[in-house]
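Dear colleague,

I am passing on the structure below for you to look through. My notes on the helices follow it.

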Amino acid sequence: MNDEKIKIDDFDMKILSAMQRDASLSQRELAERIGLSQNACWRRLQRLQALGLIGNAQSAIDLSALGFDLTVFVMIRTRHHSKDWSDGFRAHVERLPEVIDFYRIGGEWDYLIKVATRGMSGYDAFYQKLITDFDLATVTGFFSMEAIINNRPVDLMRLR
């Protein structure tokens, strides 16, 4: 995507809204839902994908039903801010399968990692892998007791 503002209309916004709520919709169902012919809807979908506005579709999985019953938000502060160190740390974290979200952030902390694991012993094993071979100034975990809002679709129509 380039830096130019992407021009999208109300039909495009309706497609994006519908897809973020249910990416499993068939083209026919999507076209009916937004009020376009199937061919017109397909052309718009192709354009939105080419622009990078629609990525890979994923299914929401109940991780706790599979035994991943602990979600931890890990906050990290580091003394290192060089590109080489950051690139190495990024590669290290990307190899840890417990990581489901990873952000470089501003403010008092440098990184935020969301981890899904099997209980406290699973988190401890993750923690040990996380700190191995990396000089981290501070690592702290916030343990989720309940997900009140999780992966809520963005109300795109309010952006119009």
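At roughly what angle do the axes of helix 1 and helix 3 cross? Before the answer, please note that this is a predicted model, in which local features need pLDDT of at least 70 and side-chain atom pairs count only at pLDDT 80 or more, while totals for chains, interfaces and linings use all residues. Residues are numbered from 1 along each chain as its sequence is written, and side-chain values use heavy atoms, with hydrogens and water left out.

The axes of helix 1 (residues 10–21) and helix 3 (residues 38–50) cross at roughly 75° and come within 11 Å. Axes here are lines fitted to C-alpha atoms, for helices over the stretch in contact, with angles running from 0 to 180 degrees between N-to-C directions; helices (H or I, at least four residues) and strands (E, at least two) are DSSP runs numbered from the N terminus. Helix 1 and helix 3 are therefore roughly perpendicular to each other, a term that covers 65 to 115 degrees. In their contact (heavy atoms within 4.5 Å), Phe-11, Asp-12, Ile-15, Leu-16 and Met-19 of helix 1 meet Cys-41, Arg-44, Leu-45, Arg-47 and Leu-48 of helix 3.

On the helix 2 side the contact involves Gln-27, Arg-28, Leu-30, Ala-31 and Ile-34, and on the helix 3 side Gln-38, Cys-41, Trp-42 and Leu-45.

Within helix 2, Leu-30, Ala-31 and Ile-34 are buried (under 20% relative accessible area, with a 1.4 Å probe and protein chains only). They cover an arc of only 100° around the axis, taken from the directions from the helix axis to the C-beta atoms, and therefore lie on the same side of helix 2. These buried residues pack against helix 1 and helix 3, whereas the face turned away from them carries Glu-32 and Arg-33, which are exposed (over 50%). Just after helix 2, Gly-35 takes a positive phi of about 85°.

Further along, the buried residues of helix 5 (residues 119–131) are Gly-119, Gly-122, Tyr-123, Phe-126 and Leu-130. They too cover an arc of only 100° around the axis, which puts them on the same side of helix 5. What covers them includes strand 1 (70–78), helix 4 (83–94), strand 2 (99–104), strand 3 (111–117) and strand 4 (136–143). Helix 5 is followed by Asp-133, which has a positive phi near 70°.

Key: Angles under 35 degrees count as roughly parallel, over 145 as roughly antiparallel, 65 to 115 as roughly perpendicular and the rest as oblique. The expected span of a helix is 1.5 Å times one less than its number of residues.
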